Amino acid sequence: MRIGVLGTGVVGKAIGGKLVELGHEVCMGSRSAGGEAATAWVAEAGAGANEGTFSDAAGFGELVFNCTPGMHALAALGQAGAENLAGKVVVDVSNSLDFSQGRPPTLAICNTTSVGEELQKAFPDARVVKSLNTMNAGVMVDPGAVPGDHVVFVCGDDEAAKDEVRSLLGEFGWPAERIVDVGGIIGARGTEMWLPLWLELMGSLGTAQFNIALVKA
Ligand SMILES: NC(=O)c1ccc[n+]([C@@H]2O[C@H](COP(=O)([O-])OP(=O)(O)OC[C@H]3O[C@@H](n4cnc5c(N)ncnc54)[C@H](OP(=O)(O)O)[C@@H]3O)[C@@H](O)[C@H]2O)c1
């Protein structure tokens with residue numbers, strides 16, 4: 001599959017690298033083509049990896065991952081171009097952490113909305129699915145890095161889009177029974193608002209390699 005990955009940070013690199021390893025073709029997008037992070041990633045990932053602008057990556061992908069900061073996701077997807085996102089599954093991995101007032105960060109978008117919802121509103125022809133934002137980048141693409149039956153959430157208004165994402169998550173190593181459907185894109189609020197606790201836990205546990213496990217009666 002051809003996949004666009006918007007974002008050159010640790011998440012874009014982890015997801016892009018895993019997708020290439022799985023045999024997908026990936027274009028990593030950035031605010032400008034030829035940047036240091038993206039070109040280094042292409043050299044490392046090898047055949048199947050290329051890079052360009054956000055617009056190049058979104059145009060290339062049959063499916064697009066948003067791996068940009070939640071606070072800037074609307075701008076990044078705006079640069080990607082609504083026409084390049086129309087009809088496509090957009091997997092939103094972002095969180096709206098705002099470090100401008102120092103630590104701990106606040107959530108710039110929360111309570112009555114979420115990044116996932118705002119993206120769906122701004123790009124109504126895209127099929128936004130929120131997923132993977134509740135864990136560290138390494139765990140996203142290597143669930144075996146954490147022992148136990150921990151889970152990954154998916155939510156979105158388009159059922160077929162969620163099925164496509166479930167399938168990719170399966171390729172990443174997530175067993176179907178550990179992919180938990182939270183419902184419509186409104187569910188993104190809850191998954192994004194877990195971040196303040198995630199950050200505190202990272203401090204107290206002394207590691208980012210942990211995740212949520214659910215127990216149901
Ligand atoms: N780090 C994790 O383990 C983790 C886990 C779960 C979720 N997340 C979420 O995943 C997303 C990506 O995180 P990350 O740490 O990989 O990368 P990041 O540093 O949050 O984002 C890097 C990307 O954002 C772009 N960007 C920065 N400012 C921008 C702006 N004003 N307008 C448009 N684009 C802008 C950069 O563009 P250029 O390439 O042009 O510089 C770069 O491609 C974030 O929302 C984060 O909260 C991260």
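Strand β9 is mostly covered: five of its five residues are buried. Buried means under 20% relative accessible area, exposed means over 50%, and partly exposed lies in between, with a 1.4 Å probe and protein chains only. Both faces of β9 are covered. Val152, Val154 and Gly156 lie on one side, Phe153 and Cys155 on the other. In a regular strand, side chains alternate between the two faces of the sheet.

This is a predicted model: local features need pLDDT of at least 70, side-chain atom pairs count only at pLDDT 80 or more, and totals for chains, interfaces and linings use all residues. Residues are numbered from 1 along each chain as its sequence is written, and side-chain values use heavy atoms, with hydrogens and water left out. Strands (E, at least two residues) and helices (H or I, at least four) are DSSP runs, numbered from the N terminus.

What are the partners of β9? On one side, strand β8 (residues 127–131) pairs with β9 (residues 152–156) in the antiparallel sense over three bridges. Ser131 stands opposite Val154 in β9. Four bridges also join β9 to β10, and these two run parallel. Here Val152 stands opposite Ile179 in β10. Strands count as paired if DSSP finds at least two bridges between them.

Now widen the view. Eight strands form an open sheet with mixed pairing, in the order β3-β2-β1-β4-β5-β8-β9-β10. The edge strands are β3 (49–53) and β10 (179–183), and each pairs on one side only. Neighbouring strands of this sheet are turned by 25° against each other on average, direction ignored. Helix α1 (residues 10–21) packs on the sheet and touches β1 (2–6), β2 (25–30), β3 and β4 (63–66). Contact means heavy atoms within 4.5 Å. The direction of α1 makes about 165° with that of β2. Axes are lines fitted to C-alpha atoms, for helices over the stretch in contact, and angles run from 0 to 180 degrees between N-to-C directions.

The axes of α1 and α8 (residues 159–172) come within 10 Å and cross at roughly 80°. That makes α1 roughly perpendicular to α8. Angles of 65 to 115 degrees count as roughly perpendicular, under 35 as roughly parallel, over 145 as roughly antiparallel, and the rest as oblique. Ile15, Lys18 and Leu19 of α1 meet Leu168, Glu171 and Phe172 of α8.

The largest nonpolar core has 35 residues. Such a core is a set of buried Ala, Val, Leu, Ile, Met, Phe, Trp, Tyr and Cys residues joined through side-chain atoms within 4.5 Å. Among the residues with the most contacts inside it are Ile15, Leu19, Leu132 and Phe172. A second, separate core of 22 residues includes Ala57, Ala80, Phe123 and Ala188.

Look again at Leu132. It sits in the loop between β8 and α7 (137–140). At 1% relative accessibility, Leu132 counts as buried. Leu132 touches residues including Ile15, Val152, Phe153 and Trp174.

Is Asn111 buried or exposed? Asn111 also has a positive phi, about 65°, and lies in the loop between β7 and α6 (115–122). Asn111 is exposed, with a relative accessible area of 54%. One more backbone feature remains. A cis peptide bond joins Arg103 and Pro104, with omega about -5°. Pro104 lies in the loop between β6 (97–98) and β7 (106–107).

How values were computed
Lists of a residue's contacts leave out its neighbours within four places in sequence.
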